[in-house]
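Okay, thanks for coming, everyone.

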Amino acid sequence: MKIYFDKDIRRLTTLGANVRAQRLIILESYDEVQDVVNLLNLKPDETWMILGFGSNVLFIKDYEGTIVHIQCESHIEILERTHDIVSKDAETQTLASLEISEVEAYAPTSLQVQISANTSWAYFVAYCMRNDLVGLENLASIPGSVGGAVIQNIGAYGREQNENFVNVKATHLKTGETKIFEKNECDFGYRASIFKNDSSWLIISATYELQKNNALYNPLVTYESLSRYLHEYDIINPNAHDVYNAIVAIRASKLPAPELLGNAGSFFKNPYITPEQANFIRAIDEQAPLRLQDDKWRIPASWLIEQAGWKGKRVGVVGMHDQQALVLVNYGGATGRALFEHALRVQKDVQDKFHILIEPEVTIII
Ligand SMILES: Cc1cc2nc3c(=O)[nH]c(=O)nc-3n(C[C@H](O)[C@H](O)[C@H](O)COP(=O)(O)OP(=O)(O)OC[C@H]3O[C@@H](n4cnc5c(N)ncnc54)[C@H](O)[C@@H]3O)c2cc1C
């Protein structure tokens, strides 16, 4: 464990806002978690927070308190192998009575994989693909740690991490209690989990259930830009590897790399709107990309921001990206406040024009 005071933390977030932390604890091993609990309990009134890879946070100003930043060892462990026969004959045949080839054809083998929270999510998905374990291919190339992915319940191209999630191990940084949370206890929603409301739990590791790739596995390709890409490249019956490669390519072509241009991915969430708001949008543009999801209307926040004229517009060293209207960009040297104020300007303008409140997806630290 390392401890710093009055530390520049610009490089610990992908937005790269120019901010400092009063105290920064770098956790280098999960064995040190209890030491952190003891340290935090020495000053019970002090503000503190956990920071993963910093790809989804915006600090508005210097942080007056302690940041616990995780830089522990990463590990990935395959836990168990389960056989699940999904053949129409399964009711009448036992596993033993099937030929090996039939077992492989009819029985996707699923594996549980446990990964430490500090592992890069993108690395984990790439590892799964290399080992022919499928299910997470739509979530390829998303920056951040496995811990952050659980907290945010990350999603992309029609899938969310909770679909393959089994459980998570976490330690409460006030009480020191370590607990396994099963999926049904995590209350996952759109970029939400119980850990977002109770940020005292430090995620240690997570377990996912993945399928062994086989001919019966059908990857999800319904997301528009993905199906367009596959069509363009004449990929007719894509397998999980095709989908993974397509998504890596699409993301690289349209999202700015944080190492080159500070950003935190989509800054705002796609709002759910009322039928009245949907009618209002339709009256402005009958081609607007409205869609009905779970009986609720939704509209992409990127469309609203673009229509409001903010796409590619730069104000000093901040702006919304020219290819992705949802992405708030630090063109270099921006303060947290400048980034925040720009986000507020965009949010207010969208509300004034469309009477729709777009809410941040990024965690804003005030
Ligand atoms: C270019 C780019 C593209 C992106 N694309 C997507 C996308 O397609 N879909 C998507 O959903 N997101 C996307 N994101 C957002 C981001 O990658 C995810 O939210 C990511 O999971 C955040 O992980 P992190 O480790 O960086 O978390 P941080 O930003 O460090 O933290 C986020 C929150 O999680 C908490 N946290 C982090 N680690 C732990 C832990 N171990 N224990 C307890 N709490 C923890 C923090 O306290 C904070 O509240 C993108 C970001 C970028 C920069």
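**The overall picture**

So, starting with secondary structure: the protein has 10 helices and 21 strands. By helices I mean DSSP runs of H or I with at least four residues, by strands runs of E with at least two, and both are numbered from the N terminus. The radius of gyration is 22 Å, close to the 21 Å from the globule rule for 366 residues, so this protein is as compact as a globular protein of that length. That radius is taken over C-alpha atoms, and the rule is 2.2 Å times the number of residues to the power 0.38.

Two housekeeping points. Keep in mind that this is a predicted model: local features need pLDDT of at least 70, side-chain atom pairs count only at pLDDT 80 or more, and totals for chains, interfaces and linings use all residues. Residue numbers run from 1 along each chain as its sequence is written.

Along its principal axes, the C-alpha trace spans about 65 × 60 × 35 Å. Of the 366 residues, 39% count as buried; that takes 20 or more other C-beta atoms within 10 Å of a residue's own, while 12 or fewer is exposed and in between is partly exposed, with C-beta atoms placed from the backbone.

**Around the ligand**

Which residues come nearest to the ligand? Of the 34 around it, they're G52, G144, G147, G148 and G265. Being near means a C-beta atom, placed from the backbone, within 6 Å. α4 gives the most to this shell, with five residues. Other elements supplying at least two residues each include β3 (48-51) and β14 (262-266).

A contact here means C-beta atoms, placed from the backbone, within 7 Å.

Now take I76, in strand β6 (residues 76-83). Why does I76 count as partly exposed? Because it has 16 C-beta neighbours inside 10 Å. Leaving out neighbours within four places in sequence, I76 is in contact with V113, I115, T119, F124 and Y127. The C-alpha atoms of I76 and T207 are separated by 9.6 Å, with the two residues 131 apart along the chain.

Definitions and conventions:
Contact = placed C-beta atoms within 7 Å.
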